[in-house]
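Please look over the sequence and the structure before reading on.

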Amino acid sequence: MQRVQRPQRLVSCLATGIVLFLFLNTCSTRATLSPTPTVFAPKTTSTPTRQAEPTAISTPTEVALAPATLTATATTPPTHTPEPTNTPEPTSAPEPTETPEPPPTAAPIRSEPAILPPPTPEAAVGRLDIAEPFFAEALKLRSRRRTAEPNLANRIDERLNENRISFLLLGCGETYEPPLAVDYICSPTHIVLERRRFANGATRVFYTTFSYTHDLRAPEIERYRGEKPGHKNPVKIDQVFRSRKFEHVREVFENASGLYIDFPLVIEDVLIQRYVDQVPGTLTVYAPWELKTLPIYISAKRHDGQTYPPGKNVLNGWQTLQFLKGLEPTADKRKEPNRRKDIVMKALLGTLDANKTDVGFWARNTAFFVNLGVNPNAYGLYYDVDVLAMTLQIVQRAVTNLNERIAMPVSQANYYIVDSATGDGGVLWINASPSPIIQKEIADGVYQKTTTAFEVPSGAFVNPYADDLISGYWRSVREFIKVRLMRPAS
């Protein structure tokens, strides 16, 4: 009997880990409030001082979870429990209306490449590499695409793609950036997996994440809509899936990066809410600082702003989602959604470990992913390459080889492609662009119909009407990505 239960838990654990790893990397919808409709975000005259990363609070080894509740009430406030440092337990605050305090000087979103020793050759023996099926499938997909798409070679940098594969994740949902109205956007996150072989013959898979600001203009989408040069309807990259065409998703991001988009996925943010509510019931998140968020909207329902104190927070589904995506009004870089998703990922993995012997937990896990596989669209998951089938390949191998160790990809670095006043650069707010074409557009009122400001690639020759958008528009973004991926390994 024990041998029957173990594969079931292993199947659920692997499926959960892989899907949640992908989903959490989409939950970086916004990092800053957009400027108001009539005043574009100012360009700072100097680059903010980059200090050392703050030390994150370590998560306790044992995570105590409340009993699973499959129907969490949306109006229940988060349960706040201070850590053993006698931190007073504050009460939940209403939506902040007072003038926020100026944010402290903080480290950028970028995380530097991880410094890790090479694995020993023995470590590769009896090891289940969860990335292997995706590398194998990517080779087949690329071969077919080279034959079917004659123009593919123009936008792909083959050398950059050696030993690398890409997931392009669009995390979709409502965004609330007052004073603007609620809008539905898809925020892009590009995950690049790289297999490295060390001198001792061992291999290891690393991943680097590039999050794009959703304010970035994408001229390709304008052309899909039939717009002509001189039009006054610029479109942001967050609208790339409005056409429901994955070929559009691939073209835009392959133009922007030079990388094959092997596995594009669209994931609605309600998926994480449903998982937390239906499987563990609550999620214990340890915040390294106090976080106050603005309200969020989930499936057209408003959830008021919350206060999450430093330390232990026991959250239901919508509270977890608010911790992930709720805007922080002081624009404190330490509290960017890109940083919060790593905190939630640790909490989810901690929950898997804490419940590894709970048969009921794994039964709920199995049921959730069975339903997800039967009708992924109903759960808010869309794809054109069946990543769930590849996940099943991994699971089947794990079940038949229970003694194998599971090798997860190792995080290498995380970059935020946004104006350097906010993130890591590569693009600029339009009012700071040195391009005479962009400045003429501003003077001609091209952006007056829009409700928020736009960002465009850096450079004096950025031209959204260029015949070749790769060299005429996306050059700085492609260079940003290439330089960071081609750095010598640490």
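F134, F167 and F263 form one aromatic cluster, where rings of Phe, Tyr and Trp (its six-membered ring) pair if their centres lie within 6.5 Å. The model is predicted: local features need pLDDT of at least 70 and side-chain atom pairs count only at pLDDT 80 or more, while totals for chains, interfaces and linings use all residues. Residues are numbered from 1 along each chain as its sequence is written, and side-chain values use heavy atoms, with hydrogens and water left out.

**Aromatic pairs**

- The structure holds 16 aromatic pairs; planes under 30 degrees apart count as stacked, over 60 as edge-to-face and the rest as tilted.
- One of these pairs joins F241 and Y382, which are tilted, with 6.4 Å centre to centre and 50° between the planes.
- F241 lies in the loop between α4 (219–224) and α5 (246–257) and Y382 in strand β13 (residues 381–383), so the pair ties together parts that are 141 residues apart in sequence. Helices (H or I, at least four residues) and strands (E, at least two) are DSSP runs, numbered from the N terminus.
- F241 and Y382 are both buried, that is, under 20% relative accessible area with a 1.4 Å probe and protein chains only.
- F368 and Y379 make an edge-to-face pair, because their ring centres are 5.4 Å apart and their planes stand at 90°.
- With F368 in helix α9 (residues 359–374) and Y379 in the loop between α9 and β13, this pair ties together parts that are 11 residues apart in sequence.
- Both F368 and Y379 are buried.

**Charges over rings**

- The charged end of R195 sits over the ring of F135, 4.1 Å from the ring centre; the criterion is NZ of Lys or CZ of Arg within 6 Å of the centre and within 35 degrees of the ring normal.
- Y415 has the charged end of R484 over its ring, 5.7 Å from the centre.

**Helix α5**

- α5 has 12 residues and reaches 16 Å from its first C-alpha to its last, close to the 16 Å expected at 1.5 Å a residue (1.5 Å times one less than the number of residues).
- Of the 12 residues in α5, 10 are buried, among them R250 and E254.
- G258 follows α5 and has a positive phi, near 80°.

**D277**

- D277 lies in helix α6 (residues 270–278).
- D277 is buried yet has no salt bridge (a side-chain nitrogen of Lys or Arg within 4 Å of a carboxyl oxygen of Asp or Glu).
- The nearest side chain of opposite charge to D277 is R274, 8.3 Å away; Lys and Arg count as positive and Asp and Glu as negative, with His and the chain ends not counted.
- A polar atom of the D277 side chain lies 2.8 Å from the backbone nitrogen of G317.

Technical notes:
Buried means under 20% relative accessible area, exposed over 50%, partly exposed in between (1.4 Å probe, protein chains only). A polar contact is a pair of N or O atoms within 3.5 Å; within protein, one must be able to donate a hydrogen and the other to accept it, and residues adjacent in sequence count only if both atoms are side-chain atoms.
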